[in-house]
Amino acid sequence: LGPFCDKVGSRVLITLVLCLAAIPTACTGLVNTPAGLAVLRLFIGIAGGTFVMSQYWSSRMFTKEVVGTANALVAGWGNLGGGVTQLIMGTVLFPAFKNLFDGDSEKAWRTVCVVPAAVAVIIGIIVYFITDDAPKGNYKDLKMHGNMPEVSAAASFRSGACNINTWLLFIQYAACLGAELTMNNAAALYYKDEFDQTTESAAALASIFGWTNLFARGLGGYLSDRMNSRLGMRGRLLLQTCLLAAEGALVLIFCNVNDIGAAVSVMVCLAICSQAASGSTYGIVPYVDPPATGSIAGIVGAGGNTGAVAFGFGFLSMSYKDAFILMGSIILGTSLLSVFILIKGQSGLLFGKAATPTKVPQTLAVPVDKEHNSDHADQVEDNKNVEETSFHQLSEQGLPEPAPRDDQVQSEHAIAKVNDD
């Protein structure tokens, strides 16, 4: 989905994905076997792809000075939406449907999922008709009027995947979001088994981790923007390093605490650091290679799920304490990778010097097909040379030079724009 964001923008893709994911969501009540439920959940998971589009979209709509805050708020409230949906479905909609069917809980759970499916379709339609792909309009219109060239999704993905910074951020995002997803799954069982909590109380305590998304991820993006205003990219990388290091240390502390109150306190601090690190990661992503931001956002985003799966295997094969120690140690190690993130035109954590900053706030560069633009510029330059030769011949004969045509002026402007890019 990331490369197609660079090609067609986020608006159409978000509508398409939401409407497609609504179909298996509405069909939840038709499932009668565990295998059928597993297959259905696989197709419902399509909706998770909206994360990539939303991060590309906010990166496209907001200037780089505030893009960290914008991306973090969007993603943080997206993660929060999962918990809010569970709460509303379980405490509001399911009881309402149960009363509607005279206490028949079987009919209630088989029909209640129609509601989120309908909401997804409605949101998708709203996105398509009342929003824009970019500050200057929709990609389709920009291309139609010659303000944006056609972009190859394959070339975009190749550009993003061949950038080493993409994979360093992939690993760091695996450490922060991967740890968050792992804690969402493991914390309740940990409190139940290690502190003798009831299932209800353990679930309530573990849910605190998710609720910190209200502010924690947005806080990470905001701090990233503030550090950028003071130190440039070096500030963003310094914050990223500190948050990951603090996260890893808190994981190690968490598994060695024997008091339930202290464990919850440490978990809250851990949640804030891990979610803030996720926010700061996507404060860096838009700088890596602006024309391939969609592809890069998609690859880095996949790192979060990859990290969760990897950490999950640890909890399946090891004791709680050993699994937490392994996870914390890995996170500490990933914090050091910031040293090797070197983005063209930006300062590194220890090396490099930033290019002279522009005084005018800018959004992401419009994806550019460099080969197409280069060929176009060469063709226009050749035409210009032929015309200059003709003008020279006319002057030798004592005839006046004709005024430049409109298409010639537009072509010269096109050359200047390509050279500026």
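**Close-up views of a predicted model**

**Figure 1. Helices α2 and α3.** In this predicted model, helix α2 (residues 10–26) and helix α3 (residues 34–44) cross at roughly 160°, and their axes come within 8 Å. An angle over 145 degrees counts as roughly antiparallel, so α2 is described as roughly antiparallel to α3. The crossing of these two helices is left-handed. On the α2 side the contact is made by Ala21, Pro24 and Thr25, and on the α3 side by Leu40, Phe43 and Ile44. Sorted by class, the residues in the contact of α2 with α3 are five nonpolar, one polar and no charged.

**Figure 2. Helices α9 and α15.** Helix α9 (residues 153–161) packs with helix α15 (residues 293–317) at an angle of about 55°, and the two axes are 8 Å apart. This angle makes α9 oblique to α15. The crossing in which α9 passes α15 is right-handed. Helix α9 contributes Ser156, Phe157, Gly160 and Ala161 to the contact, while helix α15 contributes Ser295, Ile296 and Ile299. The residues of the contact of α9 with α15 comprise four nonpolar, three polar and no charged.

Figure 3. Cysteine 113 is placed in the loop between α6 (105–112) and α7 (114–130). Its relative accessibility is 16%. Because buried means under 20% relative accessible area, cysteine 113 counts as buried. When residues up to four places away in sequence are not counted, cysteine 113 touches Thr25, Ala26, Thr28 and Met89. The C-alpha atoms of cysteine 113 and methionine 89 are 8.3 Å apart in space, and the two residues are 24 residues apart in sequence.

Figure 4. A disulfide is a covalent bond between the sulfur atoms of two cysteines. A search of the whole structure finds zero disulfides. For cysteine 273, the closest cysteine sulfur belongs to cysteine 269 and lies 6.9 Å from its own sulfur. A disulfide requires a pair of cysteine sulfur atoms within 2.5 Å, so the sulfur of cysteine 269 is too far from that of cysteine 273 for a bond. Cysteine 273 counts as buried, at 14% relative accessibility. Cysteine 162, at 65% relative accessibility, counts as exposed.

**Figure 5. Isoleucine 164 and leucine 342.** Isoleucine 164 lies in helix α10 (residues 164–194). With a relative accessibility of 56%, isoleucine 164 counts as exposed. Isoleucine 164 and leucine 342 are 178 residues apart along the chain, and their C-alpha atoms are separated by 8.9 Å.

Figure 6. Although aspartate 102 is not a glycine, it has a positive phi of about 55°. Aspartate 102 lies in the loop between α5 (67–100) and α6. At 73% relative accessibility, aspartate 102 counts as exposed. Aspartate 196 is likewise not a glycine and has a positive phi of about 55°. Aspartate 196 lies in the loop between α10 and α11 (199–211). The relative accessible area of aspartate 196 is 67%, so this residue is exposed.

Definitions and conventions:
Residues are numbered from 1 along each chain as its sequence is written. This is a predicted model: local features need pLDDT of at least 70, side-chain atom pairs count only at pLDDT 80 or more; totals for chains, interfaces and linings use all residues. Side-chain values use heavy atoms; hydrogens and water are left out. Axes are lines fitted to C-alpha atoms, for helices over the stretch in contact, and angles run from 0 to 180 degrees between N-to-C directions. Helices (H or I, at least four residues) and strands (E, at least two) are DSSP runs, numbered from the N terminus. Angles under 35 degrees count as roughly parallel, over 145 as roughly antiparallel, 65 to 115 as roughly perpendicular and the rest as oblique. A crossing is left-handed if the near helix is turned anticlockwise from the far one by less than a right angle, and right-handed if clockwise. Contact means heavy atoms within 4.5 Å. Ala, Val, Leu, Ile, Met, Phe, Trp, Tyr, Cys and Pro count as nonpolar, Asp, Glu, Lys and Arg as charged, and the others, Gly among them, as polar. Buried means under 20% relative accessible area, exposed over 50%, partly exposed in between (1.4 Å probe, protein chains only).
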